[in-house]
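User: Can you walk me through this model? I'd like to start with strand pairing, then look at rings.

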Amino acid sequence: MKIGFIGLGNMGAPMALNLVKAGHEVTGYDAAGVTVEGVANATSGAEAATGADVVITMLPNGAILQSVAAEIIPAMPKGSVLLDCSTVDVDSARAVSDQARENGLDALDAPVSGGIGGAAEGTLTFMVGGSEAAFATAKPLFDIMGQKAVHCGPSGNGQAAKICNNMILGVTMIATCEAFALADKLGLDRQAMFDVVSTSSGASWSINAYCPAPGIGPQSPSDNDYKPGFAADLMLKDLRLSQQAAASADADTPMGQLAETLYQTFVETEDGSGKDFSAMLPRFSARSRT
Ligand code: NAD
């Protein structure tokens, strides 16, 4: 397929590279001038979108997605698919898909789980909202960039699934980090802690696949001085989206609410901005109970 790819950051660059390796013709654009080997370099989003069968966007937030969509939708051929893989609010996802449909295109919101490791290895999970037809068009691309794509219903439902998933992730990462910090203070060796929890009922993706303790478990951002990875700022973004959605749906989410408060403090008033979201572990280690 002829694919436009807009947003070649931590996630977008490896995803675009996997599409190139699978033999697709990819033209990319990133506002920061990032280039990826094998990806033709466009000088604007509209140029990357021109003549594409599918345009993939992997951008920081809903406002940026909406402005990029307004630029590229008129440049996309009728019948092509706008495939947004960013994590954005449900309203932005639905607004972009409405705009695409009004212009004779189809659209999918398909946020991902799996982090930069999953993006590089082509093992992401896609949570997809949109039509059956657009899902069928994009399925071969999901199969290259990921290991699983779940069709969650109409436009916006992919984002709804993502927000719920990441609310669990934020809560379990905090729980894992505070437990490691407690284990340290109780004199429990970190490797022993990992060996027990990762095979016991406290296991989760946060410890098994993304262990926040350096030198323990598989390679993760903790082994690279907590360079992201998945930045604490982006986790805060997702937790805000979850609480915004919870407020509008009148859902009681106390753990998600507390996770949002902790990440907000970490990012805005401590030194968490720009660090991986697993850097909650050194934060807890440096603190006392009061
Ligand atoms: P990133 O900041 O590394 O990449 C975003 C890229 O978009 C940047 O390179 C930026 O220059 C580019 N960009 C911004 N505005 C643009 C514009 N107007 N036109 C073209 N390019 C523009 O972020 P990331 O980590 O790659 O995350 C991308 C999205 O994926 C986010 O929505 C994030 O929440 C989501 N996500 C990230 C991870 C992760 O582990 N990093 C995991 C799952 C989902």
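Analyst: Two strands pair if DSSP finds at least two bridges between them. Strands (E, at least two residues) and helices (H or I, at least four) are DSSP runs, numbered from the N terminus. The model is predicted, so local features need pLDDT of at least 70, side-chain atom pairs count only at pLDDT 80 or more, and totals for chains, interfaces and linings use all residues. Residues are numbered from 1 along each chain as its sequence is written, and side-chain values use heavy atoms, leaving out hydrogens and water.

User: What is the bridge partner of Phe126 in β9?

Analyst: Ala149. Strands β8 (residues 124-130) and β9 (residues 146-153) pair in the parallel sense, over six bridges.

User: Which helix does the chain cross through from β8 to β9?

Analyst: Helix α6 (residues 132-145). This β-α-β crossover is right-handed: with the strands pointing away from the viewer, the path from the first strand over the helix to the second runs clockwise.

User: Now rings. How many aromatic pairs?

Analyst: Five. Rings of Phe, Tyr and Trp (its six-membered ring) pair if their centres lie within 6.5 Å; planes under 30 degrees apart are stacked, over 60 edge-to-face, the rest tilted. Phe135 and Phe142 are tilted, because their planes sit at 40°, with centres 5.8 Å apart.

User: Is Phe142 buried or exposed?

Analyst: Buried, at 1% relative accessible area. Buried means under 20%, exposed over 50%, partly exposed in between (1.4 Å probe, protein chains only). Phe135 is also buried, at 12%.

User: What about Tyr210 and Phe277?

Analyst: They form a tilted pair, 5.3 Å centre to centre and 50° between the planes. Both are buried.
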